[in-house]
Amino acid sequence: MDRNRTPVNAIVFGCAAALILTLPALYEAPGGLPLAFYAVVSVAVIGLYIAFAIPI
């Protein structure tokens, strides 16, 4: 935690994990479809649904 009570290590880890997950989206698939991008978006949507379902 820094002086603003921000969990710096958690933020850095989250950003690094997002970068690693998104790196395959930079390469074009042989068929021209951005399959890695679709996978990243799918993971984000599933995480969003879980985040909204937790309070319920």
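In which segment is the place of Met1?

Modeller: This is a predicted model, and the description below should be read accordingly. Met1 has its place in the segment before helix H1, the helix that covers residues 8–22. The relative accessible area of Met1 is 73%. Since exposed means over 50% relative accessible area, Met1 counts as exposed because of that value of 73%. When neighbours within four places in sequence are set aside, Met1 is in contact with Thr6 and Pro7.

The setting of this residue is the chain as a whole. Its secondary structure consists of two helices and zero strands. The radius of gyration of the chain is 15 Å, whereas the globule rule gives 10 Å for 56 residues; the computed value is well over that figure, so the chain is more spread out than a compact globule. Along the principal axes, the C-alpha trace spans about 50 × 30 × 10 Å. Of the 56 residues, 2% count as buried. The accessible surface of the chain amounts to about 5,100 Å², and carbon and sulfur atoms account for 74% of it.

Pro24 and Pro34 are 10 residues apart along the chain, and a distance of 9.4 Å separates their C-alpha atoms.

Helix H2 comprises residues 35–53, and Tyr38 is found in it. With a relative accessible area of 44%, Tyr38 is partly exposed. Tyr38 also belongs to a nonpolar surface patch of about 710 Å², which it makes together with Leu33, Leu35, Phe37, Val41, Val45 and Tyr49.

Ala51 is likewise a residue of helix H2. Its relative accessibility is 45%, so Ala51 counts as partly exposed.

To return to the part in question, Met1 is an exposed residue in the segment before helix H1, and its contacts beyond four places in sequence are with Thr6 and Pro7.

Key: Residues are numbered from 1 along each chain as its sequence is written. This is a predicted model: local features need pLDDT of at least 70, side-chain atom pairs count only at pLDDT 80 or more; totals for chains, interfaces and linings use all residues. Side-chain values use heavy atoms; hydrogens and water are left out. Helices (H or I, at least four residues) and strands (E, at least two) are DSSP runs, numbered from the N terminus. Buried means under 20% relative accessible area, exposed over 50%, partly exposed in between (1.4 Å probe, protein chains only). Contact means heavy atoms within 4.5 Å. Patches are made of residues with over 30% relative accessible area and no salt bridge: like charges are joined within 9 Å, nonpolar side chains (Val, Leu, Ile, Met, Phe, Trp, Tyr) within 5 Å. Accessible areas come from the Shrake-Rupley method with a 1.4 Å probe; for residues, only the protein chains shown count as cover. A salt bridge is a side-chain nitrogen of Lys or Arg within 4 Å of a carboxyl oxygen of Asp or Glu. The radius of gyration is taken over C-alpha atoms; the globule rule is 2.2 Å times the number of residues to the power 0.38.
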